[in-house]
Structure formats: structure tokens, C-alpha cells
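The sequence and model are shown below.

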Amino acid sequence: MANTETARSASVARKTNETDISVSLSVDGNGTGSIHTGVGFFDHMLEQLSRHSLIDMEIKAKGDLHIDDHHTVEDTGIAIGQALAKALGDRKGINRYASLDLAMDETLTRAAIDISGRPFLVWDVTFTSPKIGTFDTELVREFFQALAQHGGITLHVSNLYGANNHHIAETCFKAVARVLRVACEVDPRQKDRIPSTKGSLA
């Protein structure tokens, strides 16, 4: 595994017998995404994550799609989480916390985040179908589990209501994107301080 990083940006390359993934991101971007995982619906969701977080992302993934999408989705989440953690460094000056209710047509999803250094996922989202097209809906949770675990993020995602599974998935990605944007932004009132009485978010 090779890693390189600069201020508020980072790159991670992750290669296993199942996947070969490279992620480059810039936290202080404008939401530009160049995303190619070989999984069409997942690419669409990652484009939403990039666009609405304003985090520039370049993602290339090759996985064992002849088996299924699981390894590609999970390992991409791992790599994005690792890159985000590296880009934020000691997390000095960040807002750290954010929460949001996000609406899309008939669907409402809530996301709350603490970029705490302590990974935890609370997932209260139910899909009424096992698939969206050819994409396994259970992989939405797998992605966010990997992102939270390897990004050092406490993340709560709750779908309050919705009927369309595409909308439910998309609001999860958009809501997480928006809370990431706020939580990662630098608070000018504490830009030189780590936002914790402990003095560390490691």
C-alpha cells in the first residue's frame, strides 16, 4: 500500500487479491469527481458524495466484479476513509460536528457526523428491495461502514421515510456529503486549535 498526502489532500493506493483501488481527494475542492469503479450505480452515488461535499475525488477501482460488487464497494469505502483521514491530519480547526435532514421527493434522510477519531456507524435505513437495478442495496451500508471505520468518523444515518429505493440510497449519500462538507470546514474562530478538550482527535 502506498500513500502520499499534502495539506488537506491525500492519495491512497490499495491493492489486494480482490481489488486494485486508487483514491486522490482534496477536502478544499469544488466537488469535481472523476470516478470509475466499474459499478454504474455506485459511480453515480460517489459522484453525489463528491459534488455535495465539495471534496474533489479521483477514484479508480478494478475489482472482482465477476463474483459480485461487494469487494469493490467495501474496499473503495476503505480507501476513501483512509485518504480523508490523512487529508485532515490532526483535524486542527475543523468544525468536527454536523447534522442535516435531507429531502428528495418523497424521501427524507437524516445524517449526523462527528469527525472524532473514533469510528462508529449507526445505520437505521431499510430498503424494500434487495437490488436497485443490478446493485445490491445492502452494499450501501457496507460502504458507509468502511468509510466510517477507516476515516475515524462517528456517523449516524437514518431514513425517516421514503418509498423509492433509489431515492433512499441517494439521500444517504447526499446527506452524508453535506455533513462531511460542514464538519471538515475550518472554523475561523478556532483554526489553530484541535476541537476537543482532550487536545487530540487521534
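In strand β3, Ser 24 is the bridge partner of Ser 11. The model is predicted, with an average pLDDT of 94 for the protein and 97% of the residues scoring at least 70.

**Strand pairing**

The pairings of β3 (residues 19–26) are listed here.

| Strand paired with β3 | Sense | Bridges |
|---|---|---|
| β2 (residues 9–15) | antiparallel | seven bridges |
| β5 (residues 56–63) | antiparallel | eight bridges |

Three residues lie between β2 and β3, which form a hairpin. On the β5 side, Asp 20 has Lys 62 as its bridge partner.

The side chains of β3 alternate along the strand.

**Helix packing**

Helix α2 (residues 70–88) and helix α3 (residues 138–151) have axes that come within 7 Å and cross at roughly 30°. Because angles under 35 degrees count as roughly parallel, α2 is roughly parallel to α3. The crossing of α2 past α3 is right-handed. Residues of α2 that make the contact include His 70, Val 73, Gly 77, Gly 81 and Ala 85; among those of α3 are Leu 139, Phe 143, Ala 146, Leu 147 and His 150.

Key. Residues are numbered from 1 along each chain as its sequence is written. This is a predicted model: local features need pLDDT of at least 70, side-chain atom pairs count only at pLDDT 80 or more; totals for chains, interfaces and linings use all residues. Side-chain values use heavy atoms; hydrogens and water are left out. pLDDT is the predictor's confidence in each residue, from 0 to 100. Buried means under 20% relative accessible area, exposed over 50%, partly exposed in between (1.4 Å probe, protein chains only). Helices (H or I, at least four residues) and strands (E, at least two) are DSSP runs, numbered from the N terminus. Two strands pair if DSSP finds at least two bridges between them. Axes are lines fitted to C-alpha atoms, for helices over the stretch in contact, and angles run from 0 to 180 degrees between N-to-C directions. Angles under 35 degrees count as roughly parallel, over 145 as roughly antiparallel, 65 to 115 as roughly perpendicular and the rest as oblique. A crossing is left-handed if the near helix is turned anticlockwise from the far one by less than a right angle, and right-handed if clockwise. Contact means heavy atoms within 4.5 Å.
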